[in-house]
Structures are given as C-alpha cells and as structure tokens.
Amino acid sequence: MIVFRQLFDAPSSTYSYLLADPATREALLIDPVFEQVNREIALIKELDLRLIATVETHVHADHVTGAWLLHRRLGSKITMPALAGATGAEIEINHGDRIAFGRRFLEARSTPGHTNGCTSYVLDDESMAFTGDALLIRGCGRTDFQQGDAGTLYHSVHEQIFSLPDSCQIYPAHDYKGATMTTVREERLYNPRLARGVAERDFVGYMKNMSLAHPKQIDIAVPANLKCGRPAAEASVATEPMWAPLTYTYAGVWEASPQWLEEHLPEVQIIDVREKDEFVGSLGHIDGAILIPLGELKARASELSKDKPIVAVCRSGARSAQAVQILDQAGFTKTANLAGGMIRWRGQRMPVHGGGADI
Ligand SMILES: N[C@@H](CCC(=O)N[C@@H](CS)C(=O)NCC(=O)O)C(=O)O
Ligand SMILES: [Fe+2]
C-alpha cells in the first residue's frame, strides 16, 4: 500500500507527485511547482503526512521548483541530481541512490539527454517510474537546449526505462494533451519516436527537426532552479498571510481556527453571513459579529474597514468561504474563513451571544 497523488500545474502543464508510506506517514514530493506550494501543503496536512524531502527530476526550463519554499515552510530536505549543477540542495542524488520514505524507497536512475542531470525515479517494487522529461506519454523531452543530446536520450530511455517490467506505470513531468500516465509496454509499442523499430538514427533525425518555441518562462526558471527555487528577495514571498497563523485548504481558502479567533476577538472584524433568523437562532453568534447575509455582502462591503482583518463566519464554513472570495475580489487583503463555522465553534465550547444552552 502506498499513498499516491498526481497534482497538476496548468500554466506549465507540469505534474507533481506526492508519495507516502501510510504506516509511517513519511512523504516525498516529486517536482513541486513554486506557485502550487500552498495547495500541496494543505493536501499534506489534510492527509496527515510529514514531507521529509522534495525530489527533482531535473533543472526545469518552464516553471520554478517549490523545493526551497517547501523546505522553508515544512522543513523538507531539498534533493537534486548531482549532475544538475545546482546550488542549495542538502542532498545530491547519483545513479543508484535510494531515497527512503518510511519503509519504501525510490531508486534513482540517471537518464540524461533532455538535460545532463535528468534523473528518473523507480519505486522499490518497480510498479511505478517517474521519468521527468526523459520519457513523456507518446513523446519525450526536447533535446535542443540545456545540454540536450538526442543520442544520449535514446540510450537513456532504452537502457534505463524500457528495461523495466512491461507493467511498470510511467508518470512523466508533463503532458500537454491531457493524458495522465502510461506504461512501459504502451510506450515500447506506441511511442512514435522510441517504439520498437525506431533506430537511434531515426530518433536523432526526428529530434533535430522538431523546431519548438522556447518555453515562455525559460529565462526566469533555469536560473531560479539552479538555486533550487530560492528567490533573490526572500522576503517578497508574499504568499503566506502574516496577520494570523492561517491554514490554506486544498480548496484554496485561508482559514482561522476557533482557538485563534477566540483569543484575538478584539483585533478582527467578524462578519456573520448567515440569515437573520439563524443569527438569532439556536447556534447563537459570536460576540461583536456583524450580520451581513451572504446575498448582501457585495453591496455592503463598503461598511467594512480595509485595515482591520476580517473573519467570515457561517453555520458550517461553506457560505463564509464564498464570502472570503467576495471580499478578496472587493480588494480586502486580510481575510479568513472561520474553520468549521458556528458548528465547530459551539462544538469546542466557545462563548456565544444568545443561542440555546447546548447543541
Ligand atoms: N510551451 C511550453 C513549452 C514547454 C517545453 O518546451 N517543454 C519541454 C520540457 S521542459 C519539452 O521537452 N517539451 C516537449 C514537447 O513539447 O513535446 C512553455 O512555454 O512552457
Ligand atoms: Fe524539462
């Protein structure tokens, strides 16, 4: 048994992969994307996992890695292929190395050709391989920049990937057409560039004549990835709200806990977005909360101060999550949802105004 999630970054068509041992909760994240770090952290927390390391298949040319940011946020170790030539990694990976997570491990296989440092990672039982840009679904990484070499890539794929069992599932770093995975058998049969019968010369000729436009982000991505995604101005990473220890949910909402809110009531504006009858109903409401039903929020947002943080509240936390989005769109920057709404608030015996004695 293994915990496995495939995660997608749409702007760069990149796949990241979360792997964990369900017994020890230790996890690895392969090829994290900088802009997706908040989403990945939310998932890691919701699945009750501990990220021990990030794993890079290569120095990417089309997006910035989230390795450094995850290291800063979660303390995960940064691993990088030694041949990538990057600075800032805590562990350098060479061909044959094992990266352990709990009782499981990934084995590194050097698969150069798209870049020098390209490394594929094979799960201990050879049921899955993460091939980066060495082997894509019915394709492969381009070989026209970053030390690319088609002959080298041909040998990497045949010797290191096609030597795996036919049933081994292949998870690449990208797909541009919506496919998600393939197998060794499928690629040996149907990869138009690398299937049986396509000789090295044919492959090299094919790759030489691809003429693709350079990735849009290449000038930003390559220098950033050579530093494992550490930004020049570290303080400018303004993705984490500083006004409260909020949690980012997988659904994309920053949430405050009932405990935090209870201790900071005077410092925030609380807006209760339920209907009036619920506000005065059996769950009661939080002392000082302003009643603005969700349907009126857009029109009445100007009643609120932009300087003081706002926490939105409803019965379960669903309508108030939408309220946070409405406020964000109206230009409020310090906003959060009360996690679990009034139900959790009451369940944790927090004080209320009005309401029934117990629930
Ligand atoms: N249009 C994409 C290009 C992405 C690109 O060139 N990707 C590289 C991987 S870093 C590749 O090898 N692509 C193979 C292909 O497009 O067939 C972008 O601007 O990001
Ligand atoms: Fe790449």
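Just after helix 1, Asp 48 takes a positive phi of about 60°, where helices (H or I, at least four residues) and strands (E, at least two) are DSSP runs numbered from the N terminus. This is a predicted model, in which local features need pLDDT of at least 70 and side-chain atom pairs count only at pLDDT 80 or more, while totals for chains, interfaces and linings use all residues. Residues are numbered from 1 along each chain as its sequence is written, chains are lettered from A and ligands numbered from 1 in the order in which they are written, and side-chain values use heavy atoms, with hydrogens and water left out.

Helix 1 itself, residues 37-46, is mostly covered, since 8 of its 10 residues are buried; buried here means under 20% relative accessible area, exposed means over 50%, and partly exposed lies in between, for a 1.4 Å probe and protein chains only. The buried set consists of Val 37, Asn 38, Arg 39, Glu 40, Ile 41, Ala 42, Leu 43 and Ile 44.

Seen as a whole, the protein chain has 11 helices and 18 strands, and its C-alpha atoms fill a box of roughly 80 × 40 × 35 Å along the principal axes. Of the 359 residues in the chain, 53% are buried.

Arg 25, with phi near 70°, is placed in the loop between strand 2 (14-20) and strand 3 (26-30) and is partly exposed, at a relative accessible area of 28%. Gln 146, with phi near 50°, is found in the loop between strand 10 (128-132) and helix 3 (150-161), and at 16% relative accessibility Gln 146 counts as buried.

The loop between strand 2 and strand 3 also holds Pro 22, which is partly exposed at 28% relative accessibility. Pro 22 and Gly 102 are 80 residues apart in sequence, yet their C-alpha atoms are 8.4 Å apart in space.

The metal site comes next. The iron ion (ligand 2) is coordinated by His 58 through NE2, His 114 through NE2 and Asp 133 through OD, at 2.0 to 2.3 Å; donors are N, O and S atoms within 2.8 Å of the metal (3.2 Å for Na, K and Ca), and water is not among the atoms, so sites may look incomplete. In sequence these donor residues are spaced H-x55-H-x18-D. His 58 lies in the loop between strand 4 (50-55) and helix 2 (67-74), and His 114 in the loop between strand 8 (104-110) and strand 9 (119-123), so the pair ties together parts that are 56 residues apart in sequence. Both histidines, His 58 and His 114, are buried. The site of the iron ion (ligand 2) has 4 donor atoms with angles of 87 to 162° among them, and is irregular. Four donors count as tetrahedral if all angles lie between 85 and 135 degrees; four count as square planar and six as octahedral if opposite donors are over 155 degrees apart and all others between 65 and 115, and anything else is irregular.

The largest pocket is lined by 34 residues, of which Ser 12, Ser 13, Asp 62, His 174 and Tyr 176 lie nearest its centre. On a 1 Å grid over the protein atoms alone, a pocket is an open set of points where a 1.4 Å probe fits, with protein on both sides within 12 Å along at least five of seven lines, and lining residues have an atom within 4 Å of a point. The search of the whole structure finds 0 disulfides, a disulfide being a pair of cysteine sulfur atoms within 2.5 Å. The sulfur of Cys 118 is 11 Å from the closest cysteine sulfur, in Cys 140, which is too far for a bond, and Cys 118 is buried, with a relative accessible area of 2%.
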